[in-house]
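We'll walk through it together, a piece at a time.

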Amino acid sequence: MPQGDLPLFYTFHFYLFGIIAVVSALLFVTRRSPVAAALWLVNTMFCLAALYVLLDAHFIGAIQVLVYAGAIMVVFLFVIMLLNLGHPSEVADQRGLGWKVTAGFVGLALLAEIFTLTRVRIPDRLALPPGTMADEVARGGAIAPLARSLFTEHLLAFELTSILLLTAIVGAVVLARRNSDAG
Amino acid sequence: MLAESLFFSAVLFVIGVVGVLTRRNAIIIFMCVELMLNAVNLAFIAFAQVHGIAGQVFVFFVMTVAAAEAAVGLAIIIALFRHKQTVNLDNINLLKG
């Protein structure tokens, strides 16, 4: 991220991608067809990847495109098409007015709560000097600082992740297996 | 850009919550949960810029957990669909007393 007064193109692209992400998310929750919804969600995730790059997290941006928009959403689309969820009884899944009003109130309350929280000033001694992250990326590349932290401070969590993934693979296979060929 | 990122993050999270509350299709609700995870990731990345690289490491773990969750959750949905021939949550009420 450039320092000092942000250049216009930076702010412009930040807001552009942010607004596209929010609009796609709105279209995502209002689409009736699961396939259309999934494609709008992919669009949101691409815009979020762009925001990550603008926030000096280039590697996470790439991972976002590969893992979220690539792998996870393809699995979702695969399941939607495997189960053939396009027929009317599955598509008409919007809840009634009561639920929508409730959801609106819950949403407004959450928004108010989150906005109150974001107004809290963070003490300056907790914050890095501005531009530290950009300097680190300029010096060590986009991956090295992340890798150093991941493989030293967070090594245990990283190793535990492998167990989690193994469990998830086995669990998914067991759950999705047909009952007839069990045992 | 911390304030702007948190703004977008909050809006995306709330859209996810509203989606969970207003839809009945299990897969769409699941995708709304993914949207909420993404919103939190955006907040983490924005904080990582101010407070150090740990935020990005957290996002890395959140993505791993989301991938595992998607695999297991979709397997559960497939199993449910085999059983009930529907993914409409109003028809899946085995635990209702």
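Predicted model: local features only at pLDDT ≥ 70, side-chain atom pairs only at ≥ 80, totals over all residues.

Residues are numbered from 1 along each chain as its sequence is written, and chains are lettered from A, with ligands numbered from 1, in the order in which they are written.

So how confident is the predictor? For the complex, it gives an ipTM of 0.91 and a pTM of 0.89. Chain B has a mean pLDDT of 89, with 99% of its residues at 70 or more; pLDDT is the predictor's confidence in each residue, from 0 to 100.

Now find chain A, where helix α1 (residues 8-30) and helix α2 (residues 34-54) pack at about 160°, their axes 8 Å apart. Helices here are DSSP runs (H or I, at least four residues), numbered from the N terminus. Axes are lines fitted to C-alpha atoms over the stretch in contact, and angles run from 0 to 180 degrees between N-to-C directions. That angle is why α1(A) and α2(A) are roughly antiparallel (over 145 degrees). Among the residues making this contact are A:Phe14 and A:Phe17 of α1(A), and A:Trp40 and A:Leu41 of α2(A); contact requires C-beta atoms, placed from the backbone, to lie within 7 Å. By class, this contact has 16 nonpolar, five polar and no charged residues (Ala, Val, Leu, Ile, Met, Phe, Trp, Tyr, Cys and Pro count as nonpolar, Asp, Glu, Lys and Arg as charged, and the others, Gly among them, as polar).

Next, where do the chains meet? Their contact takes 66 residues from chain A and 60 from chain B. On the chain B side, α3(B) gives the most, with 22 residues. That side divides into 44 nonpolar, twelve polar and four charged residues.

One helix pair spans the chains: the axes of α5(A) (residues 97-118) and α1(B) (residues 2-22) come within 9 Å and cross at roughly 160°. These two helices are therefore roughly antiparallel as well. Their contact includes A:Trp99 and A:Phe115 of α5(A), and B:Leu6 and B:Val14 of α1(B).

Finally, look at B:His51, in helix α2 of chain B. B:His51 touches A:Leu126, A:Ala127 and A:Leu128, not counting residues up to four places away in sequence.

Notes. Parallel < 35°, antiparallel > 145°, perpendicular 65-115°, else oblique. Contact = placed C-beta atoms within 7 Å.
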